[in-house]
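Me: I have a protein model open and want to learn how to read it. Can we go feature by feature?

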Amino acid sequence: MIAQTDPRAEYLAYRDEINRAIQDVLNSGRYILGTEVQAFEHEFAEFIGARFGVGTASGTDALYLALRATGIGPGDEVLTVPHTAVATVAAIEMCGATPVLVDIDADTYTMDPERLQAAFSARAKAVLPVHLYGHPADMAPILAIARQHGLAVVEDCAQAHGATYGDKQVGSIGDISAFSFYPTKNLGAIGDGGLVATNDPGLAEKVKLLRQYGWQERYVSKVTGWNSRLDELQAAILRVKLRHLTEGNQRRRQLAEQYNFGLSHLPVAIPSNKSGIGHVYHQYVIRHENRKDLQAFLAARSIVTLVHYPVPIHLQPAYRGRLGDVGSFPVSERAALEVLSLPLYPELTESQINSVVQAIADYCRYAGC
């Protein structure tokens, strides 16, 4: 079987380092907000080119706390995209705010700046672009439009650790950003974890307060807060993996190029990589109009694929009728019917990539596509 992703393979690659890091934490007796968390916050912020990092319990919490820190609350609107993980919209609603959806660019699957300009209302307070699949959103026009309207820019970087836009890494471009360390991410914990990054000391301090009940003094809440702490074990594991992230991202790019070469003559759409962009291929996503049949064909050959994501946010049962209807966001709706994430992770072999390419070629001959 060729897995679509395999967090265990990464653990095995760095097992000795990870096991030592875990043992050191266990021996320390300090398991919450200790030296490992502090060190990881500093190291990760430095890696992406931000001044401050604040660890959280999950990527969803990171988004929520980033939004709260910028003052988002009931009655406010936050502009984001319908083609994303539901966590993006869930975090907005956790703040009591209202998501306003903006359709995506057909090539990059990220927020379309031309559609953003038309989506503002007087209640809009923030823009939340998503760097999906490892390809950054087009931040220059998004920032320009947001500044024109006086809005905060909160980057959703859950799928883009190490991705670059021009000479900057994502997470250091907007006012504040959120990362997820879910195990399958380019930088993944062995469990949940997240981080908020910013260059603004005031925002960083707000997030630190909010992540632990609003405490500035222990057991005394200065503001109403939350409990969202990155634990020492996960921070120690992430410190090990961070040392290998650049190498892992480069390996993803190499494997993506192999896919590109093998699939370029087949009737499937391969990922875009815009000029000036450093794609980190969290997912290698193709498109095919008969996605369901292709996926079933690959599964019969023990090739596991996934769909990121099968239903746009506005058409999911929890949101249908509140954020839009069928036809409201046609680019996202079509993408949801056609996208397919092929196997991709640094430990995948060239032989396995060739097997996936050959299987897709065989499907195209079989189906006459």
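Me: Which residue caps the N-terminal end of H9?
Reply: First, a caution: this is a predicted model. Now the cap. Asp-231 does it. One of its side-chain oxygens sits 2.9 Å from the backbone nitrogen of Leu-233.

Me: Is helix H9 enclosed or open to the outside?
Reply: A residue is buried when its relative accessible area is under 20%. Helix H9 covers residues 232-242, and nine of its 11 residues are buried, so the helix is largely enclosed by the rest of the structure. Among the buried ones are Ala-235, Ala-236, Ile-237 and Leu-238. Glu-232 and Lys-241 are buried too.

Me: What covers the buried residues of H9?
Reply: Look for other helices packed against them. The cover includes H1 (7-13), H2, H3 (35-48) and H10 (245-263).

Me: Now strands. How do strands of a sheet pair?
Reply: They pair through backbone hydrogen bonds, parallel or antiparallel. Here, strand E1 (residues 52-56) is joined to strand E9 (residues 194-198) by five bridges, and the two run antiparallel.

Me: How many residues of E1 are buried?
Reply: Four of its five, which leaves the strand mostly covered.

Me: What is the strand order in the open sheet of three strands?
Reply: Read across the sheet: E7-E6-E12, with antiparallel pairing. The edge strands are E7 (168-169) and E12 (277-278), and each pairs on one side only. Strand E6 (residues 164-165) is joined to E12 by two bridges. In one of these pairs, Thr-164 has Gly-278 as its partner in E12.

Me: What does Ala-163 touch beyond its sequence neighbours?
Reply: Ala-163 lies in the loop between E5 (152-156) and E6. It has 0% relative accessible area, so it is buried. Leaving aside neighbours within four places in sequence, its contacts include Gly-134, Pro-136, Val-170 and Gly-278. Ala-163 and His-135 are 28 residues apart in sequence, while their C-alpha atoms are 6.9 Å apart.

Me: What does the side chain of Ser-58 reach?
Reply: Look for a backbone nitrogen. Ser-58 sits in the loop between E1 and helix H4 (59-69). Its side chain reaches the backbone nitrogen of Asp-61 at 3.0 Å. At 14% relative accessibility, Ser-58 is under the cut-off, so it counts as buried. Beyond neighbours within four places in sequence, Ser-58 is in contact with Asp-192, Gly-193, Gly-194 and Ser-228.

Key:
Residues are numbered from 1 along each chain as its sequence is written. This is a predicted model: local features need pLDDT of at least 70, side-chain atom pairs count only at pLDDT 80 or more; totals for chains, interfaces and linings use all residues. Side-chain values use heavy atoms; hydrogens and water are left out. Buried means under 20% relative accessible area, exposed over 50%, partly exposed in between (1.4 Å probe, protein chains only). Two strands pair if DSSP finds at least two bridges between them. Contact means heavy atoms within 4.5 Å. A polar contact is a pair of N or O atoms within 3.5 Å; within protein, one must be able to donate a hydrogen and the other to accept it, and residues adjacent in sequence count only if both atoms are side-chain atoms.
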